[in-house]
Amino acid sequence: MELAIGLILGACALGAGLAMIAGIGPGIGEGNAVAKACEAIGRQPESKGSVTTTMLMGCAIAETTGLYALVIAIILIFVAPNILVDILVNTMSQLPK
Amino acid sequence: MTKTSRSFRLLDMFYIVMMIVPLAIGMAIQVLTKPATEGITLTGARIFFTIPMPLMDFPVTESQINSLLVTVTIFFFCLYMVHGIHERVHLKRQHFAELIVEKVDGLVHENMGEYFMGYSPFIIAMLALSALSSLSSLIGLYPPTSDINVVGGWAILVFILITYYKLKCGPLYYLKSFTEPVALLAPINFLSEFATPISMSFRHYGNILSGTVISTLLAVALSGLSNLVLGWLPGFLGEISWLRVGIPAVLSIYFDVFSGCLQAFIFAMLTMMNVSGAFPKEDYEERKRKKLLKKDAKKQIA
């Protein structure tokens, strides 16, 4: 029983860590977006305001995939262990001794 | 600048007090009901009490109470800003109020067009509520935007608006829009309809919540480090975690102030873009013109 609970907790923590690998993608994407925005402002300094607004919008949308991973990681850390341990305890108590 | 009367100043004072009182109530609730725990913990919104309902119990949580308090604060702030508003400007705050209205009108006009100008009060209300909800974590309240139920409610509201504007050309036109560009893509179009509110709510809630999680982790790490490094100090001096003074504030500038305001702005921008993008303007106008023509033809026959 203790071993099973330990496995559940460990697997949840590992899963959360693995889910956050998705943070690489938005990092690269946002870096590209900001680099291009800097180039655009360097070329046309008078369009700084609209370029900055568009860049922030684009960054926010590029961030979405990373935030999906974050939500999954948070669920795995704070919500999933309780539910899984409850399921384990219930099934163990229903098994014939 | 003319001298203001006594009753005018009294009403001003009342508005300012009513702006501060809700936040003070929130802090008092926080102090009175928070259970004393050892160390730093990371919890969701606490449930104060539940109201029994026919289908399901209705829990009243911290985030609901806090967002109501923030709403009251914004309400009295608006009353304060428009108090004594006059054609001939004699108060400084009127300039500020006009600036806000002009900026928001310009933003809505730029992003949504002339047809949607009635949306600017809604947009500024959403911006103010979202920004102030996120900023309420600065005075120690639980920020309502780090609860998915609050942000999810706003996203569902936006989803209803989007569907309303898509239905403007009639239900048949709405159903037909799923089969664009090919009929084979209908299931994917149907799914992407629901992806909009989900991604909007996850984006806002994830940003605020990740800031809270990182701040808490930093606080735990700094208190441990402080015990390790400065634990040799005599008496009670050694028990105070000195490193937690000031250092978390630097991160708080980014995660609470900048991120909160940016997410509010992005939520408002996405609302504007989604709602105005859902409205098929040309088709709607053509439909209207055809209806008018039909009516005129009927009148002439009669």
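Q: What makes R46(B) and E62(B) a salt bridge?
A: Keep in mind that this is a predicted model. The N to O distance between the side chains of R46(B) and E62(B) is 2.9 Å. The cut-off is 4 Å, from a side-chain nitrogen of Lys or Arg to a carboxyl oxygen of Asp or Glu, so the pair counts as a salt bridge. R46(B) sits in the loop between α1 and β1 (47-51) of chain B, while E62(B) belongs to helix α2 (residues 62-82), and the two are 16 residues apart.

Q: Why is E62(B) called buried?
A: Its relative accessible area is 5%, and buried means under 20%. R46(B) comes in at 19%, so by that cut-off R46(B) is buried too.

Q: What makes the contact of R93(B) with D12(B) a salt bridge?
A: Here the side chains meet at 2.5 Å, N to O, and the limit is 4 Å. R93(B) is in helix α3 (residues 92-112) and D12(B) in helix α1 (residues 6-33), so this pair ties together parts of chain B that are 81 residues apart in sequence.

Q: Are R93(B) and D12(B) buried or exposed?
A: Buried: R93(B) has a relative accessible area of 14%, and D12(B) has 10%. Both values fall under the 20% mark.

Q: Why is K166(B) called partly exposed?
A: K166(B) has 23% relative accessibility. Buried needs under 20% and exposed needs over 50%, so K166(B) lands in between. Its salt-bridge partner E193(B), at 3.1 Å (N to O), is buried with 10%. That pair links helix α5 (residues 148-166) to helix α7 of chain B, 27 residues apart.

Q: How do you know that chain B touches chain A?
A: Contact means heavy atoms within 4.5 Å, and 16 residues of chain B are in contact with 13 residues of chain A. Between them the chains bury about 1,300 Å², 82% of it on carbon and sulfur atoms. On the chain B side, F202(B), R203(B) and I266(B) lose the most area, together 32% of what that side buries.

Q: How many salt bridges and polar contacts are there between chain B and chain A?
A: There are zero salt bridges, but three residue pairs are in polar contact. The largest share of the chain B side, eight residues, comes from α7(B). By class, that side has 10 nonpolar, five polar and one charged residues.

Technical notes. Residues are numbered from 1 along each chain as its sequence is written. Chains are lettered from A and ligands numbered from 1 in the order in which they are written. This is a predicted model: local features need pLDDT of at least 70, side-chain atom pairs count only at pLDDT 80 or more; totals for chains, interfaces and linings use all residues. Side-chain values use heavy atoms; hydrogens and water are left out. Buried area is the accessible area (1.4 Å probe) that two parts lose on being put together, summed over both. A polar contact is a pair of N or O atoms within 3.5 Å; within protein, one must be able to donate a hydrogen and the other to accept it, and residues adjacent in sequence count only if both atoms are side-chain atoms. Helices (H or I, at least four residues) and strands (E, at least two) are DSSP runs, numbered from the N terminus. Ala, Val, Leu, Ile, Met, Phe, Trp, Tyr, Cys and Pro count as nonpolar, Asp, Glu, Lys and Arg as charged, and the others, Gly among them, as polar. Buried means under 20% relative accessible area, exposed over 50%, partly exposed in between (1.4 Å probe, protein chains only).
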